[in-house]
Amino acid sequence: MITDYFNIDELLTEEQKLIRESVRAWTDKKVIPVIDKANQKHEHPDFLLKEMGELGAFGSFIPEKYGGGGFDQITYGIIMQELERGDSAIRSAASVQSSLVMYPIYEFGSEKQRQKYLPKLATGELIGAFGLTEPNHGSDPGSMETKIIKKKGYYLLNGSKMWITNAPVCDIAVVWAKDEQGTVRGLIAERGFKGFTTPETKRKWSLRASATGELVFDNVKIPEENILPNISGLKGPMMCLNSARYGIAWGALGAGFDCFNTALKYSLERKQFNKPVAGFQLTQKKLAEMLTELTAAQLMALRVGQLKNENKATPAQISMIKRNNVLTALKVARESRQILGAMGITGDFSIMRHMMNLESVITYEGTHDIHLLITGYDITGIPAFKG
Ligand code: TGC
Ligand code: FAD
């Protein structure tokens, strides 16, 4: 198995390597044995959520005083990589919990909100969702229609969010809505609030082991104390996305290397024309190009992790690695599938499942093309995505 062609391990701390081994072992023991069946049956293995909490996979970068791990950003990336080696759905659940729910509560929440929610989110006792996308507003969340209207002692919330990871199983949701002045605000909706429902989205061909759904708000009373006090404007949700996109760039490496190694092993064992298919030049071209691209992606993720640890990573740098690394993983999945021939389409191997999952990963957290345009904007100063 090849996962470190450039001796990147030498740049990791002992603690980071230990955490990687423990998440890797957990994925091997808990995810791999159940994940094909869950995908085939289109079921989400919810029991893994609590176990991920016990493992420390939630909020690794949140300070220990709030139940988090207090670890650095590279550790967070490594955790995402090892989870996504198992399945993107498992990494998705952990990214949402850590980057899209714990991060905004920690960064923008009151002390009371931090203490109330963060320790329970860290252990998996509470599961969170993040509501930004709406039926009519995906790439352009600034045009959202979900609204809060101030009343005496509470806000009235109306609207709906779509394509929300963890929605059907969430206990709380961090939701972004516009106030009467048209300013984007963040709030925490709790399951059980009257008028708040979370219908599940079914019949997906991608992320089939992930719980996806809607967040529907029909005159929901949100207590004033559930508004995130320390943020207003679209930059609030966008800052959360920076954290999640960074984690996804690492996660994609897990899926990509799993496909590459599966193809390498198979091609060494499978014989045609009396020799291993790995012996044909065209197979070697595929393997060589896959490893080159994966190694480049690995180095990009590591460097942005170093910058993030120094609070120097820019949103555009994060956007670039999300786009590059997910596309790399998807291309690797497609090439690996070819190397396995017909066997590549079966559930006996992980490749087709990773490929189908990555079709969502390349769309969520900003589509591939939106990220291209973010880089274009950064280079030219001209936002091509605006009319
Ligand atoms: P624009 O006018 O450019 O910016 C509005 C305000 O936001 C600030 N900002 C950012 N701040 C921090 N980090 C970023 N990445 C930021 N991007 C923008 C900006 O500085 C400005 O601040 P201020 O103070 O001047 O007001 O915004 P725009 O409306 O023109 O849109 C820009 C665009 C298209 C790049 C952005 O909207 C975008 O990235 N769209 C993609 C939407 C997206 O990524 N949605 C993801 C939903 S969550 C999800 O998919 C979870 S999947 C989870 C899983 O299962 O793993
Ligand atoms: P659209 O915005 O309608 O885009 C359609 C096409 O048009 C795309 O190819 C896009 O690149 C292109 N396009 C759009 N605007 C431009 C432009 N200006 N220039 C060029 N091309 C453009 N959202 C959440 O809030 N929370 C979640 O937890 C969450 N989980 C998700 C889980 C899954 C499985 C999926 C599939 C999605 C999830 N999303 C979530 C939603 C996701 O973020 C959106 O799907 C994504 O942002 C794209 O929005 P859209 O699907 O509405 O596509």
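Which pocket is the space taken by ligand 1? The space taken by ligand 1 is the largest pocket. Keep in mind throughout that this is a predicted model.

**Stop 1: ligand 1 and its shell**

Select ligand 1 and the residues around it. There are 26 of them, and the closest are Ser 92, Thr 165, Arg 245, Glu 365 and Lys 386. Colour the shell by residue class: 13 of its residues are nonpolar, 8 are polar and 5 are charged.

Now show the helices. Both α4 (88–108) and α6 (235–269) supply at least two residues of the shell around ligand 1. The most comes from α6, which gives 6 residues.

**Stop 2: polar atoms at ligand 1**

Zoom in on the oxygen atoms of ligand 1. One of them has a polar side-chain atom of Ser 92 at 2.9 Å. In the side chain of Tyr 364, an N or O atom is 3.4 Å from an oxygen atom of the ligand. Gly 366 takes part through its backbone, with an N or O atom 2.9 Å from an oxygen atom of ligand 1. On its own, ligand 1 has 1100 Å² of accessible area, and the protein covers 74% of this.

**Stop 3: ligand 2**

Select ligand 2 next. How many residues surround ligand 2? The number is 18, and Phe 130, Thr 133, Ser 139, Trp 163 and Thr 367 are the closest. By class, this shell has 9 nonpolar, 7 polar and 2 charged residues.

A polar side-chain atom of Ser 139 is 2.6 Å from an oxygen atom of ligand 2. Trp 163 places a backbone N or O atom 2.7 Å from a nitrogen atom of the ligand. A backbone N or O atom of Thr 165 is 3.0 Å from an oxygen atom of ligand 2. Of the 980 Å² that ligand 2 exposes when taken alone, the protein buries 67%.

Ligand 2, too, sits in the largest pocket. The elements giving two or more residues to its shell are β3 and α10 (368–380).

**Stop 4: the strands**

Strand β3 (residues 154–165) pairs with strand β7 (residues 212–223) in the antiparallel sense, over 9 bridges. To see one of the bridges, select Tyr 155 and its partner in β7, Ile 222.

Which strand residue is the bridge partner of Phe 196 in β7? Select Phe 217, which is that partner. Strand β6 (residues 196–197) and β7 are paired in the antiparallel sense over 2 bridges.

How values were computed: Residues are numbered from 1 along each chain as its sequence is written. Chains are lettered from A and ligands numbered from 1 in the order in which they are written. This is a predicted model: local features need pLDDT of at least 70, side-chain atom pairs count only at pLDDT 80 or more; totals for chains, interfaces and linings use all residues. Side-chain values use heavy atoms; hydrogens and water are left out. A residue is near a molecule or strand if one of its heavy atoms lies within 4 Å of it. A polar contact is a pair of N or O atoms within 3.5 Å; within protein, one must be able to donate a hydrogen and the other to accept it, and residues adjacent in sequence count only if both atoms are side-chain atoms. Accessible areas come from the Shrake-Rupley method with a 1.4 Å probe; for residues, only the protein chains shown count as cover. On a 1 Å grid over the protein atoms alone, a cavity is a set of points where a 1.4 Å probe fits but cannot get out, and a pocket is an open set with protein on both sides within 12 Å along at least five of seven lines; lining residues have an atom within 4 Å of a point. A molecule sits in a cavity or pocket if more than half of its atoms lie within 2 Å of its grid points. Helices (H or I, at least four residues) and strands (E, at least two) are DSSP runs, numbered from the N terminus. Ala, Val, Leu, Ile, Met, Phe, Trp, Tyr, Cys and Pro count as nonpolar, Asp, Glu, Lys and Arg as charged, and the others, Gly among them, as polar. Two strands pair if DSSP finds at least two bridges between them.
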